[in-house]
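I am opening a notebook on a structure that is new to me.

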Amino acid sequence: MSNKYIGKAIKRLEDINILKGKEKYTDDIELPLKTYYVSFYRSPVAHGIIKKIDYSDALKLRGVVAVVTGEQLKGIKMGYWMHMRNMKEPERYPLALNKVKYYGQPIAAVIAEDKYVAEDALEYIQVDIEKLPPLTDPIKALNDKTVKVNEDMEDNIIYYGKYSTHDNLIELINKTSDIIINETLTYGRTIAFTLEPRAQLVWYDGDRLNIWATTQFPHVLRNYVAETLSFPENKIKVIAPRIGGGFGPKSAVFEDEMALYAIALNTGLPLKWAETRSEHLALTGHERD
């Protein structure tokens, strides 16, 4: 047996096409049939009650096919894509229903014949939101029960984990140390800034739900979509082309993505959505803080 690969650096075969701009990413894929484009009207506030949604003017725009709101998808409840023992899973939907819980949360989806028309139509949607106090301090969120993000929870703690050291090690160290420094360290909020934002191309051909997605976990995505939409897993095909960087967020399934899958499944229309850079910065994969 040859050992030419053992202990040797293997040259990457894909780099040439990437460097030459010849690789195909999700937004580059074209189906051999008419594809419709989706844009999302997103919450301009971090916390509030949705009083009214008026999209009648958006429907008058030439090229707009439909506008979908949370009311039309209220039968789809999203659990978390990775279930953990003892972790609470508050109610959430593909599109906001009655309440918005974070800035940029999708409230309505516009389907149009052209992506620029889909984006322009967002300006014709009127949403009346009664603002509620936002929670921006994690310590306050832990201790203050007067402001709750999820109404079906008694507090804002989704998961609580407890860890302990061996015996009374910390107490022993404190007693024997010459100097003890107490400090609170604060990490600022960060995001995973990928070269390619999230993108989806979804088509239900009457038998199979076909998904081209910027996902790091195609098998997990297939399983989660099947679970959430109550659709046979063996009838879902997930294709992950070049994803232009992931760094974690592309292993999750976001609400706007699930809205796309549900709408495509219900309408049979091939749908494409490519996240804008501003959307990516506002709501994809925030952490720490």
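Before placing anything, I note that helices (H or I, at least four residues) and strands (E, at least two) are DSSP runs, numbered from the N terminus. The model is predicted, and local features need pLDDT of at least 70, side-chain atom pairs count only at pLDDT 80 or more, while totals for chains, interfaces and linings use all residues. Residues are numbered from 1 along each chain as its sequence is written, and side-chain values use heavy atoms, with hydrogens and water left out.

I looked up the pairing of strands, where two strands pair if DSSP finds at least two bridges between them. Seven strands make an open sheet, which I read in the order E3-E5-E1-E11-E8-E9-E10, with mixed pairing. Strand E3 (64-69) and strand E10 (236-239) stand at the edges with a single partner strand each, so one side of each has no neighbour in the sheet. On average, and with direction ignored, neighbouring strands of this sheet are turned by 20 degrees against each other; for such angles, axes are lines fitted to C-alpha atoms, for helices over the stretch in contact, and angles run from 0 to 180 degrees between N-to-C directions.

I then followed E11 on both of its sides. Strand E8 (residues 199-204) runs antiparallel to strand E11 (residues 271-274) and is joined to it by four bridges, and Ala-199 has Ala-274 as its bridge partner in E11. E1 pairs with E11 in the parallel sense, over two bridges. Leu-271 in E11 stands opposite Tyr-36, and Val-202 also stands opposite Leu-271.

**Entry: helices on that sheet**

Contact here means heavy atoms within 4.5 Å. Helix H6 (residues 218-229) lies across strand E9 (209-213) and E10, and runs at about 150 degrees to E10. Helix H7 (residues 255-267) packs on the sheet and touches strand E1 (36-42), E3, strand E5 (106-112), E8, E9 and E11, its direction making about 20 degrees with that of E8.

**Entry: the three-stranded sheet**

I found three strands in an open sheet with antiparallel pairing, in the order E4-E2-E6. Strand E4 (99-100) and strand E6 (126-131) are the edge strands, each pairing on one side only. Strand E2 (residues 48-54) pairs with E6 in the antiparallel sense over six bridges, and in this pairing Ile-50 stands opposite Ile-129 in E6.

Grid points are joined across faces, edges and corners, and a volume is the space filled by probe spheres set on the points.

The second largest pocket holds about 490 Å³ of space. Of its 23 lining residues, Ser-39, Phe-40, Leu-122, Thr-276 and Glu-279 are the closest to its centre. E1 gives the most to this lining, with six residues.

Searching the whole structure, I find one cavity of 30 Å³ or more. The largest cavity has a volume of about 60 Å³, and among its 13 lining residues Thr-215, Leu-221, Lys-250, Ala-252 and Val-253 lie nearest its centre. H6 and H7 are the elements that give two or more residues to the lining of the largest cavity.

Asp-155 is found in the loop between helix H4 (138-143) and helix H5 (169-176). Because buried means under 20% relative accessible area, exposed over 50%, and partly exposed in between (1.4 Å probe, protein chains only), Asp-155 at 10% is buried. Its neighbours within four places in sequence aside, Asp-155 is in contact with Lys-88, Lys-145 and Lys-148. The side chain of Asp-155 also reaches the backbone nitrogen of Ile-157 at 3.0 Å.

Lys-235 is found in the loop between H6 and E10, and at 27% relative accessibility it counts as partly exposed. A polar contact (a pair of N or O atoms within 3.5 Å; within protein, one must be able to donate a hydrogen and the other to accept it, and residues adjacent in sequence count only if both atoms are side-chain atoms) of 2.8 Å joins the side chains of Lys-235 and Asp-207.

Conventions. On a 1 Å grid over the protein atoms alone, a cavity is a set of points where a 1.4 Å probe fits but cannot get out, and a pocket is an open set with protein on both sides within 12 Å along at least five of seven lines; lining residues have an atom within 4 Å of a point.
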